[in-house]
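Today I am opening the notebook on a new structure. I want to look up its strand pairings, its salt bridges and its surface charge.

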Amino acid sequence: MKKARKIISSVLVWLVVLFAVGMMIFTIISVNTFGRNDRAVFGHKMYIVLSDSMSATDFSAGDLAVVKEVDPTTLREGDIIAFMSRANDSYGQTMTHKIRSRTTTLNGEPGFITYGTTTGIDDEGIVTYPYVQGKYVFAIPKLGSFFTFMKTPVGYLVCILLPFMLLILYQGVNCVRIFRQYKREQMQELQDEKDAIAAERRQAEEMMAQMLRLKQEMECMTSAGGEPKPEAEQAKETVDVDAMLAELAALRAQVAKQEQVTVKSEEQTV
């Protein structure tokens, strides 16, 4: 169960990362290409549809229209083209309308009469070749609206800033969790070390008590008038007991010193 939660958590984190990075890449590309007549990606330009003048047949406001750069002489009636409008009410804007027929201006320049399929009304003015931006290929529904939303403060907050903030928050919580786990493990190691020192101390005290009893028994046997042992043997036994008592005392001192070091380590950990 714990392993499954870890896998799900990792997948969610990577999804958030991919979403945030994807939004950044999309924003960079869209800012530099959408609606730019001077920018093309592999010979294609992209425009956000601003009206429903073609919604009856092809695309609606908020869609993203993709057009391909072509030679205007290859265009025919019924083709949909993107062009810079020369009408008084939309001068300089990029329009994407259908060609009704081919024609020429009063100066003899070849061009097209265009119209929107929703109203069926011809556009003002003739679209000459220099103003043609390309031929319509396809449209992506509502992607233009999404891009427009992303350019707003709320869109930037929701689509870019919020995912990164969530990722930073998750990593912060994860760091705190790892730090707490490290502290628990460190405290457990210190507690195990204290338990081991306490066990050694108890063992040393038990051995000390046994040696003291042994020494007392030997002294009692000597004072009770039993058969005396040779002085050399008695001296040797006394020296052996004293040596063992000295070793036990040194062991107790060492255990006490280790205990002090452990206490200091515990204080630094806390």
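Before I start, a note on labels: helices here are DSSP runs of H or I with at least four residues, numbered from the N terminus. I also keep in mind that this is a predicted model.

**Entry 1, positive charge.** I looked for a patch of positive charge on the surface and found Lys6, Arg177, Arg180 and Arg184 gathered in one. Which helix gives the most to the positive patch? I noted helix H3, residues 153–223, with three residues. I placed Arg177 in helix H3.

**Entry 2, strands.** I followed strand S4 (residues 94–104) and saw that it runs antiparallel to strand S5 (residues 110–115), with six bridges joining them. Thr104 stands opposite Pro110 of S5. The hairpin of S4 and S5 has five residues between the strands, and there I found Gly108 with a positive phi near 90°. Next I checked S5 against strand S6 (residues 127–128): they pair in the antiparallel sense, over two bridges. In S6, I wrote down Val127 as the bridge partner of Phe112.

**Entry 3, salt bridges.** How many salt bridges does a search of the whole structure find? I got three.

- I began with Glu69 and Lys45, whose side chains meet at 3.6 Å, N to O. This pair links distant parts of the chain, 24 residues apart: Glu69 sits in the loop between strands S2 (64–68) and S3 (80–84), and Lys45 in strand S1 (residues 44–48). Glu69 is partly exposed at 41% relative accessible area, while Lys45 is buried at 6%.
- I then took Lys135 and Asp79, with 3.8 Å from N to O. Lys135 lies in strand S7 (residues 132–140) and Asp79 in the loop between S2 and S3, so the pair ties together parts 56 residues apart in sequence. I have Lys135 as partly exposed, at 32% relative accessibility, and Asp79 as buried, at 15%.
- I also noted Arg100 and Asp122, at 2.5 Å from N to O. Arg100 is in strand S4 and Asp122 in the loop between S5 and S6, 22 residues apart, so I logged this as another link between distant parts of the chain. Arg100 is partly exposed, with a relative accessible area of 34%, and Asp122 counts as partly exposed at 38%.

How values were computed: Residues numbered from 1 in each chain as written. Predicted model: local features only at pLDDT ≥ 70, side-chain atom pairs only at ≥ 80, totals over all residues. Heavy atoms only, no water. Pairing = 2+ DSSP bridges. Patch = residues over 30% accessible without salt bridge, like charges linked within 9 Å, V, L, I, M, F, W, Y side chains within 5 Å. Areas by Shrake-Rupley, 256 points an atom, 1.4 Å probe, with all protein chains shown as cover. Salt bridge = Lys/Arg side-chain N within 4 Å of Asp/Glu carboxyl O. Lys, Arg positive; Asp, Glu negative; His and termini not counted. Charge placed at Lys NZ, Arg CZ, Asp CG, Glu CD. Buried < 20%, exposed > 50% of the residue type's maximum accessible area, 1.4 Å probe, protein only.
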